[in-house]
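Good morning, colleagues. Please look at the sequence and structure first.

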Amino acid sequence: MGSRVFLLKGVSYSSAMGNSFLTHSRRSFNYFGFPKVIVHHDRVRSCSSTKIQSSLPPPDVTRLAETARIALASNEVEEFAPKIQQVIDWFGQLQGVDLESIEPSIRADTENNNVRDDVPETFDDRGTMVASIPSYEEPYIKVPKVLNTE
Amino acid sequence: MLSALQSPRSLSRFPLFHSSKPFLFHSSSHALSYASRTDQSTTTTSSSTSSPPQSQILTTRHSLLSRQLTATEVAESYLARLRLTEPQLNSFLHVSDSVLREAQDLDRRIANNEEVGPLAGVLVGVKDNLCTSDLPSTGGSRILEGYQPPFDATAVKRVKELGGIVVGKTNMDEFGMGSTTEGSAFQVTANPWDISRVPGGSSGGSAAAVSARQCMVSLGSDTGGSVRQPASFCGVVGLKPTYGRVSRFGLMAYASSLDVVGCFGSSVADAGILLHAISGHDRFDATTSKQDVPDFASHFAPASSLESKPLKGLRIGLIRETVEDGVESGVVSAIRAAALHFEELGCSVNEVSLPSFSLGLAAYYILASSESSSNLSRYDGIRYGKQVFADELSSLYGDSRAEGFGSEVKMRILMGTYALSAGYYDAYYKRAQQVRTIIRNSFKEALNQNDVLISPAAPSPAYKIGEKKNDPLAMYAGDIMTVNVNLAGLPALVLPCGFVEGGSAGLPVGLQMIGSAFCEGELLRVGHIFEQTLENCNFVPPIVADNSA
């Protein structure tokens, strides 16, 4: 597990917390032997498909922004990329935890089997809802043309 | 141990209002004195003895029904204080202009001896991510600037049905993402204890408004601590219910498996009465529990009726990892003092270890950013909210969202998009869900051996505005005390238990009490007793005390 699990500046209690996490994980968990590549991201970009444990390429902020449909300005990409990288690195600490045979929890499940009938209900104040639509021509919500760029 | 200033045992269900004569005011100074009378914990900040907080909801109800005061007088009093303090605090994004009219309607009904609900005349602040049909609801974001929803959130609807008066919409970090209100697209709220400091977040406006007595109680939301941390920073009571206790219909979703609607009050009783008003199954939210909601009001006995060791036999577990390195020493002292107070009340206090504790923070941020990237994709500028003109659709999406969202929101959406990308699900989201299972199980185990778990609500008191603004991880680190409770879906109550140095009157520190699922009643009972027996603690900030007549 890399040494830089927590990248924090100037806040003493946070780095102390990062250390106590490491102490606990050494005591309580086994390491998977995930490649240190996760943390030392400057050495990444494995393109070989024969590797069993592939490295995760660092976040490509421009590509992510396209996927998320947010038109980032170039100064935003520059500003966000290191911060996002920092947080994603920090997320990487979960790689070193032994989670073998632990079931994932989708939700807190404070109560089981809470479902309702799959029957739609009509909202009764359609008029007010329609009034919020920026561009409307009864009965259509207007959008500009759709270009298939992908 | 019990303060000599306790109200005598009351014959009615409601604690006695200390002033026996009716109150008329024609000027704002009178209006402010009214407030200092109803809030028994306000005399002045230099007062050496102070009585514990009384329920504003119950004392107001008593005054209204006994005709000592009118709802209009009460409303005028609070509105005057709101206007006086708002320029410094900026708690509200919108203030209702129908408050007095609603109060007058209520007065008419009382005069006609009509039945009035349990929240009659209660002035309620509502966080701006809860939809209100008669006030804008922006979620703290420009993408919904000016948006007025066509419906009320269920929690808001229930407040109104029971007689509550919505005073306004409170400021928040955009879409709940943040711990200071610096993430609001519109304004930064100041902490009433020291206006150079943050009130906490994301429900900072709701916490500050109750703290500064601009309203009696308020609604907030808690996804990773957004009710509990600002309650601690502002010296008020914050209650996070069990996931499924309160309907999320009309709450703008941030992370659907973690969000809950929560309550603020200046006393445990008020937070509990408000919770009772909004709780219960809702057909519009399938995640709400069908379990009955117990009557929390029966838990708020007057302190004078308590025996000498009222919590005898209660097992309290102090979470060891929350009072170790990395937590400010003043906070640790306040929590240890609270543990001693519990022992005086008859509890047995043990330390309990939750070794997976610090894992929860990363797991939380993975789950929350992933879920939010999905939830916020609905803000596309097409059906509501701000639309930026473009001649083709993906640019319309891209530009509307780029202009409408703030930086923190954009970053979290991008991080979530990354974590959910094909090929990364196993590495991040799935592992975070597995950590969630570990945390749920360790809480269950700890709550088998203890009735209530305690910890600080935050590792520090309120810090300065601007201090953590550019350092995301430093800000996220402050959530360490609160996120695990959301992952497990458990209820938690934060109440002020002490002070640390700072500001002109010290900075409040909140104690967090965690209970088992759907055991809010127990938390409220224990919290109420703790609060009513805490000596020499006055949690009214200088900005209120200074402005009282």
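E351(B) is partly exposed, with a relative accessible area of 37%; buried means under 20% relative accessible area, exposed over 50%, and partly exposed in between, using a 1.4 Å probe and protein chains only. This is a predicted model, in which local features need pLDDT of at least 70 and side-chain atom pairs count only at pLDDT 80 or more, while totals for chains, interfaces and linings use all residues. Residues are numbered from 1 along each chain as its sequence is written, chains are lettered from A and ligands numbered from 1 in the order in which they are written, and side-chain values use heavy atoms, with hydrogens and water left out.

The partner of E351(B) in a salt bridge is R336(B), with the closest N and O atoms 3.4 Å apart; the term denotes a side-chain nitrogen of Lys or Arg within 4 Å of a carboxyl oxygen of Asp or Glu. R336(B) belongs to helix α9 and E351(B) to strand β8 of chain B, 15 residues apart; helices (H or I, at least four residues) and strands (E, at least two) are DSSP runs, numbered from the N terminus. R336(B) is likewise partly exposed, at 36%.

Which residue meets K410(B) in a salt bridge? The partner is E76(A), at 2.6 Å from N to O. K410(B) lies in helix α12 of chain B and E76(A) in helix α3 of chain A, so this pair joins two chains. K410(B) is buried at 4%, and E76(A) is buried at 14%.

Over all chains, the search finds 21 salt bridges.
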